[in-house]
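I opened the notebook today to look up a few things in one structure. Here are my entries, in the order I made them.

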Amino acid sequence: MILLNRYILAQFARTFFIVAAAFISIYILVDFFEKIDNFMESGKSMGLVFKFFLLSIPFIVDMLGPILILLSGVITLGMLSNNKELTAMMASGIHLRKIVKPILIGSIISTILFLAMAQWVLPRTIAATNTIWYEDVRGMVPLGIFRNGRYYYKGVEGFYSFARPYPDKNLFLYFSYSSWDKDHRLETLIAADKAVWDKKGWHLTNGQIQRNINPNDYRTTLFTKKRFDFPESPEFFFVPKYQSAELSLTELFQATQEQKTASETAVAETNFYSRLSYTLLGIPLLFLGLPILLLSYKKWGKDLSVAIPASCGIAFVAWGIWGALQSLARVGYLSPLLAAMLIHIIFGVSGFLLLHKQGT
């Protein structure tokens, strides 16, 4: 039985590397043709181009990790079925649970490696690729910093701090703007739950204004909605698209312990739990993908021709639901932990029950 486990586990590992190599090659090929003009126009060498795409590989593997695990497991079991090895094993009295066990072990080992990569490799490689693409190639230098789930910027007349759950939208949460006099005393502090920017200016909701009226006293004014004309617009707050991924898992966790308010803690917890849950998503997807392959073989006599498209469909549905849950958690409509684990529970339990039914 140990020899059988090693054989199936080796099949899983071989399939994983083949699938990963195929996906990485396609991704890099598409990305290369999208970005090569920018590299050439900025006069960068082919050595820098090679370095950029080489350092991009860990990010690609991390992003495709769940579907790599799913497809590797489904294809491994499908190949056993195609070669009649699955039928022979079950005819000789080996339970389906024991046949699937090495595939699940392979998925767990892959997930542990992904977690290690997120902790020690990704922060460095993503920081390097962000520097090459945004600063060296496009000449866009970030003027602020990202710490503990918040962005901090120094403007012409004051300092900005906010959470920005969607970097491509002009929506800012837990926004604050402060200005200081020449003696470094606080002149004005404006804080709001939400800020939205459009061409007419900044629109703040549920906030307060504190103004210094003498050296030892401040006047506080509350407002529900108010428009402000801060000197800076969102274009000023440039951050690389994946800058939050420059933080390791432990740094994201530390950020959840260092927030001062409940709302800021919710954003930090969402960043941490979503990062962790995405890395773990491959296992519940595999739990659901394996019984679908067995069902398609029993019903239609087809396995991989049905199971692979079905698995891709499952992965896209899971990504969609997972993304929607994280959005709800970021704006406070759902617990960050529940948003992170809900898709795992639904897919994992459903897959386990279906797999158990196939084995009886």
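**Entry 1: ground rules.** I take helices (H or I, at least four residues) and strands (E, at least two) as DSSP runs, numbered from the N terminus. I'm working with a predicted model, where local features need pLDDT of at least 70, side-chain atom pairs count only at pLDDT 80 or more, and totals for chains, interfaces and linings use all residues. Residues are numbered from 1 along each chain as its sequence is written, and side-chain values use heavy atoms, with hydrogens and water left out.

**Entry 2: Ile283.** I looked up where Ile283 sits, and found it in helix H8, residues 282-300. What does Ile283 touch, not counting residues up to four places away in sequence? I got Ser107, Ile108 and Thr111, with contact meaning heavy atoms within 4.5 Å. I also checked Leu70: it is 213 residues from Ile283 in sequence, yet C-alpha to C-alpha the two are 7.5 Å apart in space.

**Entry 3: the record.** I checked UniProt, where an unreviewed entry places "transmembrane region" at residues 12-30, 50-78, 99-122, 276-297, 304-325 and 331-355. UniProt positions are given in the numbering used here, feature names are shortened, and annotations may be inferred rather than shown by experiment. I then looked at two of these spans in the model. Residues 12-30 are 100% helix and 0% strand, with the end C-alpha atoms 27 Å apart. Residues 50-78 are also 100% helix and 0% strand, and there the end C-alpha atoms lie 36 Å apart.

**Entry 4: salt bridges.** I counted a salt bridge when a side-chain nitrogen of Lys or Arg is within 4 Å of a carboxyl oxygen of Asp or Glu. How many salt bridges does this rule give? I got 3. One pairs Asp31 with Lys35, whose closest N and O atoms are 3.3 Å apart. Both residues belong to helix H1 (residues 2-41) and are 4 residues apart, about one turn of the helix.

**Entry 5: the sheet.** I followed an open sheet of 7 strands in the order E1-E2-E3-E4-E5-E6-E7, with antiparallel pairing. Two strands pair if DSSP finds at least two bridges between them. Which strands are at the edges? They are E1 (145-147) and E7 (217-228), and each pairs on one side only. From one strand to the next, the twist averages 20°. Axes here are lines fitted to C-alpha atoms, for helices over the stretch in contact, and angles run from 0 to 180 degrees between N-to-C directions.

Next I went through some neighbours:

- E3 (residues 159-163) and E4 (residues 171-180) run antiparallel, joined by 4 bridges, and Tyr160 has Tyr177 in E4 as its bridge partner.
- E5 (residues 186-198) and E6 run antiparallel with 10 bridges, and they form a hairpin with 2 residues between them. Asp198 has Gly201 in E6 as its bridge partner.
- E6 (residues 201-214) and E7 pair in the antiparallel sense over 11 bridges, and they form a hairpin with 2 residues between them. Thr205 stands opposite Lys225 in E7, and Ile209 has Thr221 in E7 as its bridge partner.

I also spotted helix H7 (residues 262-279), which lies across E1, E2 (150-154), E3 and E4 and runs at about 125° to E4.

**Entry 6: two domains.** I noted domain 1 (1-137 + 244-359) and domain 2 (144-237), with bounds that come from an automatic or database domain assignment. Their C-alpha centres lie 38 Å apart. The contact takes 12 residues from domain 1 and 9 residues from domain 2. How much area do the two domains bury between them? It is about 980 Å², 61% of it on carbon and sulfur atoms. Buried area is the accessible area (1.4 Å probe) that two parts lose on being put together, summed over both. In domain 1, Glu264, Val267 and Arg330 lose the most area to domain 2, together 35% of what that side buries. I counted 0 salt bridges between domain 1 and domain 2.
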